[in-house]
Amino acid sequence: MNRPAWLRDAVFYEIYPSSFCDSNADGMGDINGIRQKLPYVKDLGCNALWLNPCFDSPFKDGGYDVRDYKKVAPRYGTNEDLFALFREAHELGIRVLLDLVPGHTSEEHPWFLESGQAEKNEYSDRYIWTDFWIKGTPGHPYIGGETPRNGTYMLNFFKCQPALNYGWAKVTEPWQTPLDAPAARATRDAMADVMRFWLEKGCDGFRVDMANSLVKADDDEKSHTCALWKGLLNEMRAKFPEAAFVAEWGWPKQSLCLADFDMDFYLDHPGNGYNRLVRSADAYLRGNDPMAFVTDYLDLYDASKDFGYISFITGNHDTPRISWYLTEDQLKVACALLLTLPGVPFLYYGDEIGMRYLEYLPTKEGGYTRTGSRTPMQWAAGKNLGFSAGDAESLYLPVDPAPDAPTAAAQAQDPASLLNTVKAILKLRHEYPDLQADGPFKLVHAKKGDPLLIYRRGSCLLAANPSNRSVQTDLTGEPLFQIGAFEKGTLGPRSFILLIQ
Ligand code: NOJ
């Protein structure tokens, strides 16, 4: 597998910039706040960051509605602040991925404003427009009545996010452009230009939003979208061989095997392996047997392991926090498992201390049910839990008001805390190459009706029991790492062990 070597030992930390650390007391997290916390990230054991979009935006979808791809949102700071973040992160051995949103822009992006003009211009076909003001884009959401142009435009997500035009795999209408149309090529080249811009400034790659959405009317295999990515990524790699790319795709048979991404997220899709590992009512980590997860995962792993990495996530800015589903003890087992399976794991900020999902919060910037997972990082007891020195009313979102809201400072003092458990497991992962992204993986024990899961990663044998009961195993030896009880082969409730043998 020809992937950047640094990915083998990479552990990512996802940061939602509005909510991580406010350096100037205006209530909004910012780039300089992230710079201040780099030592925390390093101490945790993460050596790579993914920042959610930090670009100029009207923020109708948390920044996934980009108005200027080459400008840091003023509320987060300046481009110079971001360049400084790249430099300081690199000094600590931390890589930084930015979020690329190639499928759509904000409705306020200058390209779109031009595209909506009645007179034909360079940008007219850079978005997907029909040829009559009342004619829609069949099978896709669209908007009419907003621009001087006689047509309606296709949306990729919210109303504020018109779809960029990468061409149609099959042209059936006069207003659709083929894949090799000059405008479709120009869109692709514009995105390549954005990628180059940040890579030249020191960013280490991109997380790519809705990466599978580019070519319209693509076949089931997404062959044209895959071909487009393969070309684009390899164009970047020729100049930036160390750059890494992770797709928001959720289907490694396409993203890794065909589109040539380095990594793909195991996303939380109803009923899929990740969902049934962590989140569904019958999820393994909630004490059930692991068969649904194992079946789904092995199929994806076997098909894609020679091509790239599946990325397990503790959660992300789109999902309820993992603590919503699991008890405190189960969270430790969950982290131990998610951070020792093959591939490159992603930890969502605050999950390392079990931050809660604040279900009742009103929507903020298009967050809706996602808002409760985007609250400020809880650093320490005291004002705004250490997130900001500003007034509580000025905060981007309120901090968790619970008297027992977990904080990083308190958990650092407690050897048995989730934070210290995560640190311990990441330390081992860095020490043992077998536990890293492309270390070997073999399933040793998984059975219907049985909560015991045993898997081997080279010289490391790992066993989990997230259920409330004890299970008997034939394992012996002194664990190098242990959660819960392990005595005479019996794994106690909510336990996890790592043996070297
Ligand atoms: C996926 C992102 O993760 C999500 O937050 C966003 O709303 C949509 N893509 C649209 O860009």
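This is a predicted model: local features need pLDDT of at least 70, side-chain atom pairs count only at pLDDT 80 or more; totals for chains, interfaces and linings use all residues.
## Overall fold

The protein chain holds 12 helices and 20 strands, and its C-alpha atoms fill a box of roughly 80 × 50 × 40 Å when the box is taken along the principal axes. Because a compact globule with 501 residues would have a radius of gyration near 23 Å, the 23 Å found for the protein chain agrees with that expectation.

Of the 501 residues, 60% count as buried. Among the contacts in the protein chain with a separation of 6 or more, 65% come from residues 24 or more positions apart.

In soluble globular proteins, nonpolar side chains tend to be buried together. The largest nonpolar core here has 143 residues, and the members that touch the most others are Phe 12, Tyr 13, Trp 198, Trp 229, Phe 261 and Phe 496. Helix α5, which spans residues 182-201, gives the most to this core, with eight residues. Apart from this core lies another, of 10 residues, which includes Ile 454, Leu 461, Leu 475 and Leu 499.

The surroundings of Phe 12 can be listed in detail. When residues up to four places away in sequence are not counted, Phe 12 touches Trp 6, Leu 7, Cys 46, Ala 48, Leu 49, Trp 50, Leu 97 and Met 263, and also Val 344, Pro 345, Phe 346 and Leu 347.

## Helix α3 and its neighbours

Helix α3 covers residues 79-91, and its 13 residues reach 19 Å from the first C-alpha to the last, close to the 18 Å expected at 1.5 Å a residue. Its buried residues are Asn 79, Asp 81, Leu 82, Phe 83, Ala 84, Leu 85, Phe 86 and Ala 89.

These buried residues of α3 pack against the helices α1 (31-36), α2 (38-44) and α5, and against the strands β2 (48-51), β4 (68-72) and β5 (95-100). Just after α3, Gly 93 takes a positive phi of about 80°.

## Aromatic rings and charges

A search of the whole structure finds 39 aromatic pairs. Ring pairs link Tyr 266, Tyr 274, Phe 293, Tyr 297, Tyr 301, Phe 312, Phe 441 and Tyr 455 into a cluster.

Charged side chains also lie over aromatic faces: Lys 37 is placed over the face of Trp 379, at 4.0 Å from the ring centre, while Arg 321 lies over the face of Tyr 349, at 4.7 Å from the ring centre.

Key:
Residues are numbered from 1 along each chain as its sequence is written. Side-chain values use heavy atoms; hydrogens and water are left out. Rings of Phe, Tyr and Trp (its six-membered ring) pair if their centres lie within 6.5 Å; planes under 30 degrees apart count as stacked, over 60 as edge-to-face and the rest as tilted. A charge sits over a ring if NZ of Lys or CZ of Arg is within 6 Å of the ring centre and within 35 degrees of the ring normal. A nonpolar core is a set of buried Ala, Val, Leu, Ile, Met, Phe, Trp, Tyr and Cys residues joined through side-chain atoms within 4.5 Å. Buried means under 20% relative accessible area, exposed over 50%, partly exposed in between (1.4 Å probe, protein chains only). Helices (H or I, at least four residues) and strands (E, at least two) are DSSP runs, numbered from the N terminus. Contact means heavy atoms within 4.5 Å. The expected span of a helix is 1.5 Å times one less than its number of residues. The radius of gyration is taken over C-alpha atoms; the globule rule is 2.2 Å times the number of residues to the power 0.38.
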